[in-house]
Amino acid sequence: MLHKSKFFLSMLAGACMALAAVPALALQAGDPAPDFALPGSDGQTHRLSDYRGKQAVVLAWFPKAYTYGCTIECKSLAENGHLIREYDVTYFMASVDPLLDNKGFADETGADFPLLSDEDKSVARAYGVLHDKGYAKRHTFYIGKDGTILKIDTRVNPETSAEDMAKTLGELGVKRRAD
């Protein structure tokens, strides 16, 4: 009987440890977006809370500066950002790369918007985009003026990223800028 008790207790302890290792429920539309304060390639610190009540925010996570797909995505946003700027929105790309890398990457791709650096990976964890290999997954978060997540795009096409963002902003009813 004692042997069965030890077995049961060890199984119970293992199950509890496994449950503790399960991540919290993933973010979804309707949830409050986790706040952040991240340094940008433009030399400024950007805080989500600074936009609450003022503007919608698009936060486009990307895996790694200077890689093929990320270069295509960043160039799409740089070359077609005018489509996004038709809406009352601030947009960023974000990664867990060092700030110095993101500054150089922004210069190389002609980015006219900030690339944010989450070097300690805490914001990527909060958004549920940190891959187990240590880089951010390519997910785009659309955040309303009230700080609520409107949509999470997990199927980002780097080549048409700007066009897709503009289309999604329209579908979500984000206000257009006054001419």
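Which residue follows helix 3, and what is its phi? I found Gly110 there, with a positive phi near 75°.

Before going on, I noted that this is a predicted model, where local features need pLDDT of at least 70, side-chain atom pairs count only at pLDDT 80 or more, and totals for chains, interfaces and linings use all residues. Residues are numbered from 1 along each chain as its sequence is written, and side-chain values use heavy atoms, leaving out hydrogens and water.

**Helix 3**

I looked up helix 3 (residues 99-109); helices are DSSP runs of H or I with at least four residues, strands are E runs of at least two, and numbering starts at the N terminus. Its buried residues are Leu99, Asn102, Phe105, Ala106 and Thr109 (buried means under 20% relative accessible area, exposed over 50%, partly exposed in between, with a 1.4 Å probe and protein chains only). On the face turned away I found the exposed Leu100, Asp107 and Glu108.

**Ser76**

Next I turned to Ser76, which lies in helix 2. Is Ser76 buried or exposed? Ser76 is buried, with a relative accessible area of 4%. Its side chain reaches the backbone nitrogen of Ser161 at 3.4 Å.

**Helices 2 and 5**

Finally, I checked helix 2 (residues 68-84) and helix 5 (residues 161-171), whose axes come within 7 Å and cross at roughly 40°. Axes are lines fitted to C-alpha atoms, for helices over the stretch in contact, with angles running from 0 to 180 degrees between N-to-C directions.

Methods: A polar contact is a pair of N or O atoms within 3.5 Å; within protein, one must be able to donate a hydrogen and the other to accept it, and residues adjacent in sequence count only if both atoms are side-chain atoms.
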